[in-house]
Amino acid sequence: MQRNKPKYHQIIDAAVVAIAENGYHQAQVSKIARQAGVADGTIYLYFKNKEDILISLFQEKMGTFIQKTSEIIETKQTAAEQLELLVQNHFGLLAEDPHLAVVTQLELRQSNKELRLKINEVLKSYLQLIEQILQKGVQNGEFNAALNIRLSRQMVFGTLDEMVTTWVMNDQKYSLAASAEEVTRMLLNGFSGR
């Protein structure tokens, strides 16, 4: 399997930087290859084309992120604690990798419909993770019993997504992680219905 090979990950990491710095449309395969320190032809041993690189990049990075987030939140007992960790982890990961933040928040959005559908497939498991936290909160009485889970899930994701996009658009001039506590508190206040 190609994904287990070091060059595959080297190309993925290089693509994050090349796309963040040049924009998806200007990040030719040759620029990605140069950033990765490989010959142009080597890219095609692992990927069909630039679009395939972008999809693979998102699947890899988001897949790892979802897995880590899932493992981290399992250590917490309450839905409130789990939601807080999810928010912290979301902001923390993207704050640690500003190039990845630019790619996920700006460059992926400029892609075609087919690409967006593939990206949405990956996002489904993250939305399910959020949904599980919300359902747990309702079941154990932490959140309002009448909470609309689907709407609340979209609100959580939309809030996190917009916070990161605004941070990227402002050239990361402030600490994204510092807002995690306040964002969590506002979300929890909405879910408790008190």
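1. Basis. Residues are numbered from 1 along each chain as its sequence is written, and side-chain values use heavy atoms, with hydrogens and water left out. Because the model is predicted, local features need pLDDT of at least 70 and side-chain atom pairs count only at pLDDT 80 or more, while totals for chains, interfaces and linings use all residues. Helices are DSSP runs (H or I, at least four residues), numbered from the N terminus.

2. Helix 1 and helix 4. Start with residues 6-22, which form helix 1, and residues 50-73, which form helix 4. Their axes come within 10 Å and cross at roughly 105°. An axis here is a line fitted to C-alpha atoms, for helices over the stretch in contact, and angles run from 0 to 180 degrees between N-to-C directions. Helix 1 and helix 4 are therefore roughly perpendicular to each other; that term covers 65 to 115 degrees.

3. What meets at that crossing. Helix 1 brings Tyr 8, His 9, Ile 12, Asp 13, Ala 15, Val 16 and Ile 19. Helix 4 answers with Ile 53, Leu 54, Ser 56, Leu 57, Glu 60 and Lys 61. Contact means heavy atoms within 4.5 Å. By class, the contact of helix 1 with helix 4 has eight nonpolar, two polar and three charged residues. Ala, Val, Leu, Ile, Met, Phe, Trp, Tyr, Cys and Pro count as nonpolar, Asp, Glu, Lys and Arg as charged, and the others, Gly among them, as polar.

4. Helix 5 and helix 6. Helix 5 spans residues 79-96 and helix 6 spans residues 98-107. They pack at an angle of about 110°, with axes 5 Å apart. This pair, helix 5 and helix 6, is therefore roughly perpendicular too. On helix 5 the contact uses Leu 93, Leu 94, Ala 95 and Glu 96. On helix 6 it uses Pro 98, Leu 100, Ala 101, Thr 104 and Gln 105. The classes in the contact of helix 5 with helix 6 are six nonpolar, two polar and one charged.

5. Gln 105. This residue of helix 6 deserves a look. Gln 105 is buried, with a relative accessible area of 6%. Buried means under 20% relative accessible area, exposed over 50%, and partly exposed in between (1.4 Å probe, protein chains only). Leaving aside neighbours within four places in sequence, Gln 105 is in contact with Leu 94, Asp 161, Val 164, Thr 165 and Val 168.

6. Helix 9. Residues 180-192 make up this helix of 13 residues. From its first C-alpha to its last, helix 9 reaches 18 Å, close to the 18 Å expected at 1.5 Å a residue. The expected span is 1.5 Å times one less than the number of residues.

7. Ala 180, Val 183, Thr 184, Leu 187, Leu 188, Phe 191 and Ser 192 are buried. They cover an arc of only 160° around the axis, which puts them on the same side of helix 9. The arc is that of the directions from the helix axis to the C-beta atoms. On the other side of helix 9, Met 186 and Gly 190 are exposed. The buried residues of helix 9 pack against helix 5, helix 7 (113-139) and helix 8 (149-169).

8. Asp 171 sits in the loop between helix 8 and helix 9. Gln 172 lies in the loop between helix 8 and helix 9 as well. Phi of Asp 171 is near 55°, a positive value in a residue other than glycine. For Gln 172, phi is near 50°, again positive in a residue other than glycine. Asp 171 counts as exposed at 52% relative accessibility, whereas Gln 172 is partly exposed at 28%.

9. Thr 42 counts as buried at 17% relative accessibility; Tyr 44 counts as partly exposed at 48%. Beyond neighbours within four places in sequence, Thr 42 is in contact with Lys 7 and Ile 11. Tyr 44 and Val 29 are 15 residues apart in sequence and 9.3 Å apart in space, C-alpha to C-alpha.

10. Asn 112. This residue lies in the loop between helix 6 and helix 7. Asn 112 is partly exposed, with a relative accessible area of 34%. Its C-alpha atom is separated by 22 Å from that of Ile 11, 101 residues apart along the chain.

Conventions
Helix = DSSP H or I, 4+ residues; strand = E, 2+ residues; numbered from the N terminus. Parallel < 35°, antiparallel > 145°, perpendicular 65-115°, else oblique.
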